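Please look at the sequence and the structure shown here, with attention to charged side chains. Which contacts do they make?

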Amino acid sequence: MNAVLQPELSLPLVLYPARGKTLLLLLGCLSFSAVGVWMVLDGVLLGYFCALLFAMGALIFLVQLHPRAAYLLLDEQGFTYCSLFRAHRIAWGAVAGFAVVRISSNSLVAWNFAQGHVPHGRGPALSQALSGYHSALPDTYGLRAEVLAQQLNSLCLAQRLAMR
């Protein structure tokens, strides 16, 4: 969608995941599901598992194509990220800073919560033990991870200064 965000953003701004990647994954799941059906027709019982597993994956990627299923909303108070219709709201003041974290071949935008804002539970602790960060966005929304992290840090700092 966007290769680079503009320095002067008009908020609120909504970013969506790149549809090409989702469509490619949907096509892959449909293909493997078809292979599973073919295996069943050849008498291989494992084909049932293969067909069902990849059909469920295809369904998930199909749902992700809905505009309200996955997005990143940036506004003056914070950001909301949504995946599979589950939205999570984070205030700018709750974030210590954003950075790029690489997990395998994927680059994600991650953040640590500010002192006193770390959510309770195993999720943030496990995430920090694995990556060094409390949480991460599920997508880069059509941007390079470095560009998105830089823009989020700029917005976070600007909103903190405006609150003073």
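This is a predicted model: local features need pLDDT of at least 70, side-chain atom pairs count only at pLDDT 80 or more; totals for chains, interfaces and linings use all residues.

Residues are numbered from 1 along each chain as its sequence is written, and side-chain values use heavy atoms, with hydrogens and water left out.

The structure holds three salt bridges, a salt bridge being a side-chain nitrogen of Lys or Arg within 4 Å of a carboxyl oxygen of Asp or Glu.

| Salt bridge | N to O distance |
|---|---|
| Asp75 and Arg89 | 2.8 Å |
| Arg102 and Glu146 | 2.8 Å |
| Glu146 and Arg144 | 3.9 Å |

Asp75 forms its salt bridge with Arg89, and this pair links distant parts of the chain, 14 residues apart, with Asp75 in the loop between strand 2 (71-74) and strand 3 (78-83) and Arg89 in strand 4 (residues 86-91). Helices (H or I, at least four residues) and strands (E, at least two) are DSSP runs, numbered from the N terminus. Asp75 is buried, at 11% relative accessible area, whereas Arg89 is partly exposed at 42%; buried means under 20%, exposed over 50% and partly exposed in between, with a 1.4 Å probe and protein chains only.

Arg102 and Glu146 also meet in a salt bridge; Arg102 lies in strand 5 (residues 95-103) and Glu146 in helix 4 (residues 145-163), so the pair ties together parts 44 residues apart in sequence. Arg102, Arg144 and Glu146 are linked in a network of salt bridges, in which Arg102 is exposed at 55%, Arg144 is exposed at 52% and Glu146 is partly exposed at 32%.
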